[in-house]
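Have a look at the protein below. We will go through it together, one question at a time.

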Amino acid sequence: MSGIRSRITPLSRMGGLAVDPWKSARRTAGVAAFGWASAAAITGLAYLTLGSQAVPIMVGVPLCIAFALFLLLLHRAVWLTVLSPVPALFVLVGSVQYAPEAALEQRGVRESVVIVADSAAGTSSENHRFTLRGTDGKELEEKLGFDGDAWAPEVGDRLDVIRDPEGAVPMEQADDVDAAGRLGGLVGGTVTWTLMAVLAGWRGHLRRRRGRDSLMYQLL
């Protein structure tokens, strides 16, 4: 009888394993908090390293991967983890690009320029570095960078650009500077991460109650 009683004791009245709901809630809150902390950390690092996107990207990518792994452990299934790179991309792009574009909007100088030379002209390179001439007829020292051939401007085109008088942030075309849009993508991606964490916590709790808390993760 004692052996039978020991096997029955761990079972809840609903027929599943007795899993502490508060422990599941704490795990869920921890994963969601990690997502918000990661987004804030990448954004803050982007502010500290204005002009160098490589640093926040190198830190942000491992943080996004870590969130996906935490989601996997919380959910005990893989399909949410497979979907998590989509909001992660919004978080990474938004956090990395928001800081420099906000700096350009706050202190940048808008100027109308004409492209007078292209470093990629006559080559197979898709990395364009345009030489610009201002309205005063003088060439700007700073070059406008453009990667790719699709929708690339050409010599003779007139553009509106925003440049940083302090030189900390690279010049950008005025139409491409959208700090509010970057912030919206960042917040939207982080909120989606939070919803994923809540769903993963709930589904993971149910899986543990049903005794499906194994290392052999299933698709559903």
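This is a predicted model: local features need pLDDT of at least 70, side-chain atom pairs count only at pLDDT 80 or more; totals for chains, interfaces and linings use all residues.

Reader: Is T190 buried or exposed?

Author: T190 is found in helix 6 (residues 179-209); helices (H or I, at least four residues) and strands (E, at least two) are DSSP runs, numbered from the N terminus. Buried means under 20% relative accessible area, exposed over 50%, and partly exposed in between (1.4 Å probe, protein chains only). T190 has a relative accessible area of 2%, so T190 is buried.

Reader: Which residues does T190 touch, and which backbone oxygen does its side chain reach?

Author: Contact means heavy atoms within 4.5 Å. Not counting residues up to four places away in sequence, T190 touches G35, W36, A39 and V91. As for the backbone oxygen that the side chain of T190 reaches, at 2.8 Å, it belongs to L186.

Reader: Where does T49 lie, and which backbone oxygen does its side chain reach?

Author: T49 lies in the loop between helix 2 and helix 3. T49 touches V55 and P56, leaving aside residues up to four places away in sequence. At 2.7 Å, the side chain of T49 reaches the backbone oxygen of L45.

Reader: Why is the pair of Y47 and Y98 edge-to-face?

Author: Rings of Phe, Tyr and Trp (its six-membered ring) pair if their centres lie within 6.5 Å; planes under 30 degrees apart count as stacked, over 60 as edge-to-face and the rest as tilted. The structure holds 3 aromatic pairs. In one of them, the rings of Y47 and Y98 have centres 6.2 Å apart, and the pair is edge-to-face because the planes are at 80°.

Reader: How are the rings of F67 and W193 arranged?

Author: Both F67 and W193 are buried. They link distant parts of the chain, 126 residues apart, with F67 in helix 3 (residues 54-75) and W193 in helix 6. Their rings lie 4.3 Å centre to centre with 20° between the planes, and the arrangement is stacked.

Reader: Which strand gives the most to the lining of the largest pocket?

Author: On a 1 Å grid over the protein atoms alone, a pocket is an open set of points where a 1.4 Å probe fits, with protein on both sides within 12 Å along at least five of seven lines; lining residues have an atom within 4 Å of a point. Strand 3 (144-147) and strand 5 (172-173) are the elements that give two or more residues to this lining. With 4 residues, the one that gives the most is strand 3.

Reader: What is the volume of the second largest pocket?

Author: Grid points are joined across faces, edges and corners, and a volume is the space filled by probe spheres set on the points. Helix 5 supplies the largest share of this pocket's lining, 3 residues. The volume of the second largest pocket is about 220 Å³.

Key: Residues are numbered from 1 along each chain as its sequence is written. Side-chain values use heavy atoms; hydrogens and water are left out. A polar contact is a pair of N or O atoms within 3.5 Å; within protein, one must be able to donate a hydrogen and the other to accept it, and residues adjacent in sequence count only if both atoms are side-chain atoms.
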